[in-house]
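Student: I have not looked at this structure before. Could we go through it step by step?

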Amino acid sequence: MIQTIRKAWGIPELRKKIVFTLLILLIFRVGNAIPTPYINTELLGAYIDSTGGSLLNLYNVMSGGAFAQATVFALGVQPYINSSIIIQLLTIAIPALERLARDGGEAGKKKIASITRYATVAIALLQAFGYYMICKNYGILEQSGIWPALVIIVTLVAGSSFVMWLGEQVNEFGIGNGISMILFAGILARIPTAFTTGRYFVAQKGSIGYLWLALVLLGILAMIVLIVHVNGAERRIPVQYAKRQVGRKMYGGQASTLPMKVNMSGVLPIIFAQSIASLPATVWAFVGTPDKDTSPVAYSIYSAIDTKSVLYLIVYFLMIIGFSYFYATIQFNPVEISNNLKKNGGFIPGFRPGQPTSQFIAKVLNKVTLFGAIYLGIVAIAPLIVGKALDNYSLAIGGTSVIIVVGVALETVQALESQMLMRQYKGFLE
């Protein structure tokens, strides 16, 4: 990775893109230090720390700690990620959007991007209102009234829209993957806070605290190795193309492969599953956590759906598997691929074109997706189980963070390598 960045830095055009991307990330970090008026950041930070591995804590990690500090960029890229997922789901459900995405070409992509932007602003409005209600219900506001509410909501929506614009600038003038790069920078900014976890182990466990800390660090390294290995793993189905003559030229006859990535949906199933699984406890946090003495029944229900409960772990794991299958079927349509192979004169050895080919592709897809879904579930659940065993819930969303950081780093390196390959290619004459 370091070698790739050094080579890319030697190319003037890529060096400009890297510098531009770094400047955008610097602007993002500066915005994360500008506070939103009328909010007591100390009380807000203490409340979010008390929520453990809830959805609020996930938002805090994704925003680089800005969510707990009530800065201008407190909502971060979450509204854009949620709107992108929702529009992607609606593209499958609504025929007009499906036709626009499939047959609209470049104009169709711009139209869908415009719809995604409007959806981002709408979701940011809802999240900003929820943010304000949390601050109001838990006495975190320094001043109440309509004007503070309006200022807080407008500031957060404007900050989220500006972050979305920064990501688009990185896509156009930088090295690409703008939203992912901003998410990457936000998570990396939380690394200094990770030393708090290390001090926790040493302080709570006494002399064996260093052993626990070493085991946790070893587990993180093993998780990184697993993520890197599985991220590049793929199942390659052999494809043979029949020879055909067009005019006086002969085409086809070559052998190829149909690659099928083990983890083709990335970290999206984890983010979406955690958002939905944590939603009941988060909504309950909006109205106030029930008291154990005055409302024992409500407190029992809250404890059952809390992000620290066993029921939450089971539901979370099953939802990751379900969403992994869902995204795999969206991105990889066996019937469509089978028809494309048939039109181009391709076939899978041992299977007739048409339905037998699509059935075989679907069978392989189910097996590969099952392995990738279980892998995602283990990576997401393992920090939760370790945090529950050690009574330290700051590890709760470590798996999600590690997957995002490693995945974005690998994608960035691949993007730089492809751009370097385009510029260093000398053509057929040499």
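Tutor: The model is predicted. Helix 18 gives four residues to the lining of the largest cavity, which is the largest share of that lining.

Student: How many cavities of 30 Å³ or more does the structure hold, and what volume does the largest cavity have?

Tutor: Rolling a probe the size of a water molecule over the atoms shows where empty space is left. The structure holds one cavity of 30 Å³ or more. For the largest cavity the volume is about 50 Å³.

Student: Which helices each supply at least two residues of the lining of the largest cavity?

Tutor: The lining is made by Lys261, Val262, Asn263, Met264, Ser265, Ser324, Ala328, Thr369, Gly372, Ala373 and Leu376. At least two lining residues each come from helix 16 (310-331) and helix 18 (355-390).

Student: How many residues of each class are in the lining of the largest cavity?

Tutor: Lys261 and Leu376 are among the lining residues. Lys counts as charged and Leu as nonpolar. By class, the lining has five nonpolar, five polar and one charged residues.

Student: How is helix 6 placed relative to helix 8, parallel, perpendicular or oblique?

Tutor: Two packed helices are described by the angle between their axes and the distance between the axes. The axes of helix 6 (residues 78-93) and helix 8 (residues 105-137) come within 8 Å and cross at roughly 125°. That angle makes helix 6, relative to helix 8, oblique.

Student: Is the crossing of helix 6 with helix 8 left-handed or right-handed, and how do the residues of their contact divide by class?

Tutor: Helix 6 passes helix 8 in a right-handed crossing. Residues of helix 6 including Tyr80, Ser84 and Ile87 meet residues of helix 8, among them Ile112, Ala119 and Gln127. The residues of this contact of helix 6 with helix 8 divide into nine nonpolar, seven polar and no charged.

Student: At what angle do the axes of helix 6 and helix 16 cross?

Tutor: Helix 6 and helix 16 are oblique to each other. Their axes come within 11 Å and cross at roughly 60°.

Student: What is the handedness of the crossing of helix 6 with helix 16, and which residues make the contact?

Tutor: Helix 6 passes helix 16 in a left-handed crossing. From helix 6 the contact uses Ile85, Gln88, Leu89 and Ile92, and from helix 16 it uses Phe326, Tyr327, Ile330 and Gln331.

Student: How many residues in the contact of helix 6 with helix 16 are nonpolar, polar and charged?

Tutor: Leu89 of helix 6 and Gln331 of helix 16 are among the contact residues. By class, the contact of helix 6 with helix 16 has six nonpolar, two polar and no charged residues.

Key:
Residues are numbered from 1 along each chain as its sequence is written. This is a predicted model: local features need pLDDT of at least 70, side-chain atom pairs count only at pLDDT 80 or more; totals for chains, interfaces and linings use all residues. Side-chain values use heavy atoms; hydrogens and water are left out. Axes are lines fitted to C-alpha atoms, for helices over the stretch in contact, and angles run from 0 to 180 degrees between N-to-C directions. Angles under 35 degrees count as roughly parallel, over 145 as roughly antiparallel, 65 to 115 as roughly perpendicular and the rest as oblique. A crossing is left-handed if the near helix is turned anticlockwise from the far one by less than a right angle, and right-handed if clockwise. Contact means heavy atoms within 4.5 Å. On a 1 Å grid over the protein atoms alone, a cavity is a set of points where a 1.4 Å probe fits but cannot get out, and a pocket is an open set with protein on both sides within 12 Å along at least five of seven lines; lining residues have an atom within 4 Å of a point. Grid points are joined across faces, edges and corners, and a volume is the space filled by probe spheres set on the points.
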